Amino acid sequence: MRTAYKVRAYPDPGQAAQLGRTFGCVRLVWNKTLAERHRSYHATGTKTSYKETDAALTAWKKTEELAFLSEVSSVPLQQTLRHQHTAYANFFAGRARYPRFKSRNGRRSAH
């Protein structure tokens, strides 16, 4: 027998700030990676692997302008790369549309 529960969280202001930073960083990583994949594919015609995007994320964390990516947990950022890799695989297999850029006004989520 399976049971499902619906739960709502009420974070305090500190937790809400941390969640907001996490959601913002996830959106930034998604959009930067999508732009790089798009540029790379149209420039050379080759697909970008998960390993290449993971290395790019590590390099971004070491730059001065994107050092704030190290302040949030790396798990949601890595999961974002996995989700995007799956989205691209589904697009090239004909199962889905081309991945879209995320906006600040859209649904905010992190896994």
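Me: Hi! Which residues in α1 meet which in α3?
Reply: On the α1 side, T22, C25, V26, V29, W30, T33, L34, R37, H38 and Y41 meet P76, L77, T80, L81, H83, Q84, H85, A87, Y88 and F92 of α3. Contact means heavy atoms within 4.5 Å. The helices are DSSP runs numbered from the N terminus (H or I, at least four residues, with strands being E, at least two).

Me: What sort of model is this, and how are its residues numbered?
Reply: This is a predicted model, in which local features need pLDDT of at least 70, side-chain atom pairs count only at pLDDT 80 or more, and totals for chains, interfaces and linings use all residues. Residues are numbered from 1 along each chain as its sequence is written, and side-chain values use heavy atoms, with hydrogens and water left out.

Me: Is the crossing of α1 and α3 left-handed or right-handed?
Reply: α1 passes α3 in a right-handed crossing. The near helix is turned clockwise from the far one in a right-handed crossing, and anticlockwise by less than a right angle in a left-handed one.

Me: OK, now α2. How does α2 pack with α3?
Reply: Helix α2 (residues 50-62) and α3 have their axes 10 Å apart, at an angle of about 145 degrees. α2 also passes α3 in a right-handed crossing.

Me: Which residues meet there, in α2 and α3?
Reply: Y50, T53, D54, L57 and K61 in α2 meet S74, L77, Q78, L81, R82 and H85 in α3. By class, that contact has four nonpolar, four polar and three charged residues.

Me: Zooming out, how many helices and strands does the chain have?
Reply: The secondary structure comes to three helices and zero strands, in the pattern α-α-α along the sequence. Its C-alpha atoms fill a box of roughly 45 × 45 × 25 Å, taken along the principal axes.

Me: What percentage of the residues count as buried?
Reply: Of the 111 residues, 23% count as buried. Buried means under 20% relative accessible area, exposed over 50%, and partly exposed in between (1.4 Å probe, protein chains only).

Me: How about the contacts in the chain: what share comes from residues 24 or more positions apart?
Reply: Such pairs account for 73% of the contacts with a separation of 6 or more.

Me: Let's pick some residues. Is L34 buried or exposed?
Reply: L34 lies in helix α1 and counts as buried, at 0% relative accessibility. Leaving aside neighbours within four places in sequence, L34 is in contact with Q84, Y88, Y98, P99, R100 and F101.

Me: And what does N31 touch?
Reply: Not counting residues up to four places away in sequence, N31 touches F101 and K102. N31 is found in helix α1 and is buried, with a relative accessible area of 16%.

Me: What about T22, buried or exposed?
Reply: T22 is buried, with a relative accessible area of 12%. T22 touches V72, P76 and A110, residues up to four places away in sequence not being counted.

Me: Last one: where is N105, and is N105 buried or exposed?
Reply: N105 sits in the segment after α3 and counts as exposed, at 76% relative accessibility. N105 and A16 are 89 residues apart in sequence and 17 Å apart in space, C-alpha to C-alpha.

Notes:
Axes fitted to C-alpha atoms, helices over the stretch in contact; angles between N-to-C directions. Nonpolar A, V, L, I, M, F, W, Y, C, P; charged D, E, K, R; others polar.
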